[in-house]
Amino acid sequence: MRTEHNRQGESVQGSAQLEFMMLDPDTFENAWADYLAENYEDSLSLVRQCLEEGKTNRPSLLSLVPDEGVPTLRDGVTLCARNLFQLDRFAEFEVLQASVGRWGLASDGFLELEVIELSFACKRGEYLEVVQHCSTFIEAHRRGLHPAIADFLYLRGLAHSHLGNPEKAHQDAEGAYSLFRVLQKDLESAKSANLLGILEFRSSSFEAAGKWFHRALEMHTRLGMRKNMGGNRLNLGVACYKQGLFAEAHSHFNAATRLFKDVEAQVSLCRVEIAQGNTYRLQRDLPSAHNHLMKAYEEANRLMLAREEALALEFLGDVARDEGQVENARRFYSRALAIGRSIAPEGDIVLEVLRRQGQCLQLLDRNTEALSVLGTARGMARRQGDRFEEGVILRTVSVTLLAMGDLDSAARHAARAVDLLGEVEAKFEVGKALLVAARVRQAQHSSGLLENPKPVLESAWQDAMSALTVFLKVDVEFWILAARKVVADLSERRAKQQLADSDPKPTGHGIQAVTTVEQPIIHVSANMRDLIQLCDAFADSTEPVLITGDTGTGKELFARRLHRQSGRRSRELVCVNATAIPRDIFAREFFGHVRGSFTGADGNGIGLAAQADGGTLFLDEIGEMPLELQPQLLRLLQDGTYQAIGDPSERRTNIRLIAATNANLEQQVAEGKFRADLYYRLKILELKLPPVVERREDIFPILKHFLAQASGRQVELSEFFNRASLELMHQHSWPGNVREIAMVARQAKLQLVTRGRVFVEVGNSGGGSLRFSGPDGVSDLGYDPDSELMAQTAASKSSGGRSNIMLALAETDGNRAEAARRLGVSRSTLYRRMEKLGILGKLVSS
């Protein structure tokens, strides 16, 4: 035991030989075992028993040279002091220190006690005194490389870390770790590894920090050191929340709490409360954050822990700031700053609080003052090598410059913040920086100062989407909503840009060159944004996709997006509606045929399956597919083979199937109208499109899009509809979904051009009708759509009434109900006017 204990602490003995008082080996070994097991109370009790027995039997236990493996009085006092340190009993330690002289031990040469006294000083935040004391000892014993130098190097490195001297701290900690490994001091080696992890963490090298923390955890686990295991868990948790891994952070904190409670480590429990409080604050659970931090603050006061008190105040200020109580937050920060400066004027607490003070000044619109404070904080971050904090400061500077209207500088600072935070793998903070970058680009795009705003808009949209992706992963609703708001605005701007790009461009000879673009999926709603993200995630899969939704919800648009986003985009997208193919020829249209396979088969028919080879086949209304052909489609999906009509040989094709339906396939399976095996094969990837009534926030953007499309320019809804009609639209159930909104837009455009006003009639769910009119300033009083239509048609052919009816009928392929809706009149009114103008007879005779 003596040999093992000597590995945990050696004292300096001068040239004069000291007397040794031997202790009972068995009792001491049990005390040492309890210490390693972190049963500090039991260990303290046993070692005190050893010391009492040693004093009582002192004459018989004296020896000029100690026996190998037998513990001495010095060993007992050292172990007693170690236990008192772990139990945070400084007053009892002072009593012990004063007693050693009475036991024949020289207190001024007792290095073990000196090391423990300095450890207590570190706990109290007396870092400058610790550095000075350790440096004096190290310089005095450097040439002889005394073993105790390792302890003093460790303590000086620890003090330097709190004083904001990372390079000196790292150098001392590495030296201590190497010496402890040579001296085979496993406990001290683990402690040094943990400190190195902290230093790597503070320099924002999270991967390196994690390796040191895990190395320390492994050593402490082998030694059975529960309190130290808890410390390692606490550090791993903090590293996790810095990266936005909040669930993992809480897991580590909970494990640390259990370990600390087992050994009644009050100081460490206070630190866990602080870490958990800040994690809840980052998750925007402000009530939970406040509870944990107030508890930590009270404990820090009770235990006289200066650093912990400052940290609790710092994070309580964050909670107040996030609640909108900026002045209250500043009061918390001022108190934290005063304590931080008393501990370490250039330390990490001062740096963090200065940055937060800058944020508050910006929120109070005191931007010039904010930049000054943030500049000071950034200088400190650079001196400390804290890249994480520097990245957050740069992001805050960008926000401040944005508020001041210096958009170019704001963009540069935001981009640098994204890069720096990305380098240190602080994913959550990267998300915040990306959102700031998107907002800056958004402001640049709105400024009207850019010759070519399109690249800036695309950059903003990419940054906002990347930020949203980060926030969805960390699952913090506040930031998800913030990102979605920016994405919604930028998506609308992109849709307008695409519309502008698709406008006809005149050529040199008066000929119109038209650029065709894909129809965008107009949306601002959260559920549609999530659905589009899911759609894009499905794009590169080879599995079939089933798109379900009511008529007019945009199933074909999603199918086209799936194809456009996939690796098959360069090949053909073949679209077919199952209801458009007669049942008796479905098989040959779908799978093809060979010459002579049926009457009239004068040549080979390629079929849709072969036509879509290498590309995508979109099969709309799959619920209408003949039941007897469904096994062949299933075979095509499973192994890519099929047989053409009249051809016994097997053919192969490589297609990706997208199927769509507005029917309830599950019900059709239950009724025996659709094969269960095909249904479950299709359902692997499913997109369920919501009706317009479930995404009302999309109604006006969709309407505005189709009005602009019909007008050939950007428009405002107020140009067509009055306020009352717009409110009515927002409440309408829109049974025809997007298709019905498009119809209303086309009618409104046509009526405004031909009549100078809008009066569109649609059916409602109650069996009646709703009328949308406008614009504002055009009275509805006395307006009769029937009499107006008759007046227009009776005046003359040049008045446009007759031609309008004929145009509406032509556009709807003779569908009179649809033509009436487009003209904004009832069906009965349209029939009367058609009869009067002789249109009905002509249609019948034709």
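This is a predicted model: local features need pLDDT of at least 70, side-chain atom pairs count only at pLDDT 80 or more; totals for chains, interfaces and linings use all residues.

Student: Are H14 and H15 roughly parallel or roughly antiparallel?
Tutor: H14 covers residues 246-262 and H15 covers residues 266-282; their axes come within 10 Å and cross at roughly 160°. Angles over 145 degrees count as roughly antiparallel. H14 and H15 are therefore roughly antiparallel.

Student: How many residues in the contact of H14 with H15 are charged?
Tutor: On the H14 side the contact includes Phe246, Phe253 and Lys261, and on the H15 side it includes Leu269, Val272 and Tyr280. The contact residues comprise 10 nonpolar and 6 polar, and the number charged is 1.

Student: Is Phe201 buried or exposed?
Tutor: Phe201 belongs to helix H11, residues 186-202. Leaving out residues up to four places away in sequence, Phe201 touches Phe206, Ala209, Phe213, Val238, Ala239 and Lys242. A relative accessible area under 20% counts as buried. At 14%, Phe201 is therefore buried.

Student: What separates the C-alpha atoms of Phe201 and Asn235?
Tutor: Phe201 and Asn235 are 34 residues apart along the chain. The separation of their C-alpha atoms is 9.0 Å.

Student: Which residues are joined by a cis peptide bond with omega of about -5°?
Tutor: The proline of this pair is found in the loop between strand S13 (769-774) and helix H36 (785-795). The residues joined are Gly774 and Pro775.

Student: Is Asp365 buried or exposed?
Tutor: Asp365 is placed in the loop between helix H19 (348-363) and helix H20 (367-384). Its phi is positive, near 65°, in a residue other than glycine. Over 50% relative accessibility counts as exposed. At 59%, Asp365 is therefore exposed.

Student: What is the relative accessible area of Asn737?
Tutor: Asn737 lies in helix H35, residues 737-755. Asn737 is not a glycine, although its phi is positive, about 60°. Asn737 is buried, and its relative accessible area is 1%.

Definitions and conventions:
Residues are numbered from 1 along each chain as its sequence is written. Side-chain values use heavy atoms; hydrogens and water are left out. Axes are lines fitted to C-alpha atoms, for helices over the stretch in contact, and angles run from 0 to 180 degrees between N-to-C directions. Helices (H or I, at least four residues) and strands (E, at least two) are DSSP runs, numbered from the N terminus. Angles under 35 degrees count as roughly parallel, over 145 as roughly antiparallel, 65 to 115 as roughly perpendicular and the rest as oblique. Contact means heavy atoms within 4.5 Å. Ala, Val, Leu, Ile, Met, Phe, Trp, Tyr, Cys and Pro count as nonpolar, Asp, Glu, Lys and Arg as charged, and the others, Gly among them, as polar. Buried means under 20% relative accessible area, exposed over 50%, partly exposed in between (1.4 Å probe, protein chains only).
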